[in-house]
Structures are given as structure tokens and as C-alpha cells.
Amino acid sequence: MTDQSITLEATPLHPLFAARIQGIDMHAAASPAVIDALVAAMDEYAVCAVPHATPVGNEDLIAFAAHLGPMDAGRSPKITGTGIRIPHNEITDQSNLDQDGAIYTEGDRRLLFKRANRLWHTDMSFRQVRATYSLLAAHEIPPRGGNTEFADMRAAYDALDEAMKKRIDGLVGEHCYWHSRTLGGGPDPTDEERAGRPPAYHRLVHTHPGSGRKVLYVASHLARIQGWPDDEARALIEELTAFATRPEFVFSYEWSDGDVVIWDNLATMHRATPFDDTRYVRDMRRATCREAPIHS
Ligand SMILES: [Fe+2]
């Protein structure tokens, strides 16, 4: 905490979590007091929408995100034969645009993989050093569709019955990027693609470092449970995912141009919703913070 602590104006958007935050301008340098207040808001709400009159550019988004923890600076998943539209390692291109700014055409391998984002997931659970905050900046949104839905995994854990809490206590899941791509209807990865994304292992339940709340940590990347037969693991993963995404735990965010939505991957799941993705531009750019610095 800094000497001059402030409280940001937060408008709750759902009974359990998510708020719209006023008083942050990511076009300008952020003060330590603002960052402290935002972290406190994130520990409470887990999803914070920060409106801006004009889109927050790549450099400004990177500069702001750097205040929130070690940043991810790896390239987006290497999809064979593709180029790069945004020349910043810290930005993940979440648009439906190719390197020349043209909308992907139906059948494009990149579009097929991206559609897996319509499955419930947390960002980078397939990495051993997980994502903490994701900051997604809207540059252009489609006229219809394309909401992002969030699920409060703290509230979901709290609502599990005691028998289930006992059953999953201490279990370790294997998360694999290609598992969700395949589940989402994408093509089989090449050997090179597969080798670039080995699995990672995380407990199904963790205690959130900021809020101290227990969190259910499942995602569409979760492929197996250590020590369990695959069919039993699948059944449990599906049961937990269905429970955690019941309507009472879910909030759907309707984007406006210029919004930056920050979500806590250690407290929520999210998914993209459909839009006419071979007709309309949806230009979204993400900066991501990690649990610890990545040097490779
Ligand atoms: Fe995501």
C-alpha cells in the first residue's frame, strides 16, 4: 500500500462479481495508488471493466499491464504458416484478422483454432507459470454478438457440497493447449505445434493469493487428472465445469469500443461467444500477466 490510498468508483455488474471501474485512464501513466486500488478491486470483483473514449493502444496497454505483475512476452501459439499482425511480444492478437488486417476466411486454420475460445477456459492454464491478469483491449467490435462471458470460480467452489470439496481436495490436473483446440473442433496439431505447447500440472483447488478465497481451477485445457482413469477424469471435469458455469455464477459482458476488461485467471473462467466472424472485424488485443517472470 502507498501512503495515499484511494478507492476507485466501482459499479457492480453482477450479484457475485464483476464491476465497471471509473477513474482509470490507461492512455496516461498510472500512479501507485491507482494500481493498489485496482488490485484491491480485482481481489473483490475478479473482473473489472474500464471504459475509455478511445481504444488503448499497444504501448499504453503494455505499460499499464506491467504495473500488475510480470508480463507474458512470448509469441502467441505458433500456428504453422502464419504471420504476425501486431509487432509486440507482450500482445496476444485476439482478433479475427490476418497479418495484413484482412478477416480470416472460412476454413482458415487460425480461425478454427480461435473458435476454441468459445469453450470455458482460463488463459494459460496450460503453462506451469500461469496467467494471473488478462487485460483485453477492444479496438473494434462487431455490430452483434461477441460478448465475453465470465464465471466466478470462487463462488462456484463455495457452493460445492462438502462431499465434492473432499473428493477434489489435493487432485492435480493436466492442462494441455491442444486438448481445448481439439475439443473446440479445431484440426489436429502438427508435431511442431504440439511440441511447442507441452502440458502443465495444477491443483483443481487453490487458495487465491490476494483474496484468500478458495477457487475451483478447471478449464477446457484440463485434459486429465493425475492418477485417475481417463473416463472417470473426463466425467468429473465435465461435472465440475457444468456446475461452475450455471447461470447464477455467470456474467456476460457486452463490449463497447475502447473498453479494457481485466480479469483474474486465478479466480474466473471465461469464454468468447459467437459472432459473424468471417464478415465483421473483431479487433481485440490482450496483455497478460504471469505468476512469475518468464525468462525463456
Ligand atoms: Fe481466453
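Because the model is predicted, local features need pLDDT of at least 70 and side-chain atom pairs count only at pLDDT 80 or more, whereas totals for chains, interfaces and linings use all residues. Residues are numbered from 1 along each chain as its sequence is written.

Helix α1 spans residues 32–45, where helices (H or I, at least four residues) and strands (E, at least two) are DSSP runs numbered from the N terminus. Its 14 residues reach 20 Å from the first C-alpha to the last, close to the 20 Å expected at 1.5 Å a residue, the expected span being 1.5 Å times one less than the number of residues. Within α1, A37, L38, A41, M42 and Y45 are buried, a residue being buried if 20 or more other C-beta atoms, placed from the backbone, lie within 10 Å of its own, exposed if 12 or fewer, and partly exposed in between. These residues cover an arc of only 145° around the axis, which puts them on the same side of α1; the arc is that of the directions from the helix axis to the C-beta atoms. An α-helix has 3.6 residues a turn, so residues three or four places apart point the same way. The buried residues of α1 pack against β1 (9–12), β2 (19–22), β3 (47–50), β5 (131–140) and β13 (260–264), and just after the helix A46 takes a positive phi of about 70°.

Elsewhere, three strands form an open sheet in the order β8-β7-β11 with antiparallel pairing, where two strands pair if DSSP finds at least two bridges between them. The edge strands, β8 (200–203) and β11 (222–225), each pair on one side only. Strand β7 (residues 172–175) joins β11 over three bridges, and G173 stands opposite I225 in β11.

Finally, I103 lies in the loop between β4 (91–93) and α3 (109–114). I103 is partly exposed because 17 other C-beta atoms lie within 10 Å.

Technical notes:
Contact = placed C-beta atoms within 7 Å.
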